[in-house]
Amino acid sequence: MEEPSASSRRVTIVDVARHAQVSTTAVSKVLRNAYGASPEMRAKVRRAIDELGYRPLAAARALRGRTYTIGVMLPDIRNPFFPEILDGITGRLADTDYQVLLGPGCNGEKEEARVTEALIDRGMDGLILVAPVSPRSHLEHLASVVPTVIVGRHGHSAAYDTVNDDDMAGAALVVGHLAELGHRRIAHIEHRETDPTRLAEMPNAQRAEGYRRAMRSLGLAEEIDVVSTSYTPQGGLQGAKELLARPRRPTAVFAGADIVAMGVLEACAEAGVRVPGDISVAGYDNTTFAALGPISLTSVDQAGREIGENASRLLLERIADRNKPSVQVTLSPKLVPRRTTAPLPEEGDSTGSTADVRPRG
């Protein structure tokens, strides 16, 4: 029986050797970047690889020590901020041999464990976990097995590197901005958290604490008003409805994330409450849709792409040296004022001093 051609089956190292008219040992040396292959030999082999479209099996590469794959776990693929982190991760890896494989964490400990174990089982060279909710003991176990970088979790560990935004400072920027506009009744919608460790380490908890601290520092302790829902549009909708039903409702709402602010804007539109004429709204993350003209949401830019770039850089360094001291990177947020926040209207002013920028259905 005639042997199938290379074009009708997966190309092997033998095909590359035949095409380049060299030995399989020479091809192996080029693939491993090993000593002993001349520049001319490397050029011939690389040309054959390109012409045949050869790709080494991940399992075979793992036997040589690396698969050149990095596992990235995202907690919620529907949150538009996380793709910005992913862009930074992939951008930093663009000039390397590494490829990224994604796994959804689904904001649950069991789901995270299942995803991270699957990534490790498939031979990832390293992991980047975005806002994981798993116990620190589990994160340290993962880091003992494979190089790991944690994004969006403020706890430090000798086992893994971290990259974070200064969430407390970002919350203070929002509260300070609203207070400068004359607002005193500033409410906050947070993501409900009960676990003691996560209360100390998760960005949502840090933002809520930053809000409380900023309110107290401005002499507004009596006006602190926090609604606990979830970092989802539904959470924002629910939280805003609760705030709008107050006998003395707030004049400004700080939503803990842009995706929450979307629900707040929807609730205001349904209730006929003008933004910012009747109530100002601010978010956090400065996602792409926040800058869209019909929305024009005031938000905090925490440089998602820069977060991802730093995560990739730290992971490559950790892969190269498993014993290096852990590194904690904290980025400084910036406030981006837009049309959903405005000066507090004068008492009795039913028209407001700014344009109505409610989202249109």
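A residue is called buried when its relative accessible area is under 20%, exposed when it is over 50%, and partly exposed in between (1.4 Å probe, protein chains only). The structure described here is a predicted model, in which local features need pLDDT of at least 70 and side-chain atom pairs count only at pLDDT 80 or more, while totals for chains, interfaces and linings use all residues. Residues are numbered from 1 along each chain as its sequence is written, and side-chain values use heavy atoms, with hydrogens and water left out.

The secondary structure comes to 13 helices and 12 strands; helices (H or I, at least four residues) and strands (E, at least two) are DSSP runs, numbered from the N terminus. Of the 361 residues in the chain, 50% are buried. The chain exposes about 17,200 Å², and carbon and sulfur atoms supply 51% of this area; accessible areas come from the Shrake-Rupley method with a 1.4 Å probe, and for residues only the protein chains shown count as cover. Among contacts (heavy atoms within 4.5 Å) between residues at least 6 apart in sequence, 68% join residues at least 24 apart.

Next comes a sheet. Strands of a sheet pair through backbone hydrogen bonds, either parallel or antiparallel. Here, two strands are said to pair if DSSP finds at least two bridges between them. In this model, 4 strands form an open sheet in the order E7-E6-E8-E9, with parallel pairing. Strand E7 (225–229) and E9 are the edge strands, each pairing on one side only. On average, neighbouring strands of this sheet are turned by 20 degrees against each other, direction ignored. Helix H10 (residues 203–217) packs on the sheet and touches E6, E7 and E8, and its direction makes about 160 degrees with that of E6. For such angles, axes are lines fitted to C-alpha atoms, for helices over the stretch in contact, and values run from 0 to 180 degrees between N-to-C directions.

E8 pairs with strand E6 (residues 186–191) in the parallel sense over 4 bridges, and Ala252 in E8 stands opposite Ile186. E8 and E9 also run parallel, joined by 3 bridges. Val253 has Val281 in E9 as its bridge partner. From E8 the chain crosses through H12 to E9, in a β-α-β crossover that is right-handed; with the strands pointing away from the viewer, the path from the first strand over the helix to the second runs clockwise.

E11 pairs in the parallel sense with strand E5 (residues 161–165) over 4 bridges, and Gln328 in E11 is the bridge partner of Thr162.

Most residues other than glycine have a negative phi, and most peptide bonds are trans. Tyr68, by contrast, has a positive phi near 55 degrees, and this partly exposed residue has a relative accessible area of 24%. Asp285, in the loop between E9 and E10, has a positive phi near 125 degrees and is buried at 4%. Val275 and Pro276 are joined by a cis peptide bond, with omega about 10 degrees. Thr287 lies in the loop between strand E9 (280–282) and strand E10 (299–301) and is buried, because its relative accessible area is 2%. Although Thr287 and Phe81 are 206 residues apart in sequence, their C-alpha atoms are 5.5 Å apart. Leaving aside residues up to four places away in sequence, Thr287 touches Pro80, Phe81, Glu84 and Asp258.

Finally, side chains of opposite charge can pair when their charged atoms come close. The structure holds 18 salt bridges, each a side-chain nitrogen of Lys or Arg within 4 Å of a carboxyl oxygen of Asp or Glu. One of them joins Arg198 and Glu109 (3.1 Å, N to O). Arg198 lies in helix H9 (residues 196–201) and Glu109 in helix H6 (residues 109–121), so the pair ties together parts that are 89 residues apart in sequence. Arg198 is buried at 15% relative accessibility, whereas Glu109 is partly exposed at 38%. Glu109, Glu193 and Arg198 are linked in a network of salt bridges.
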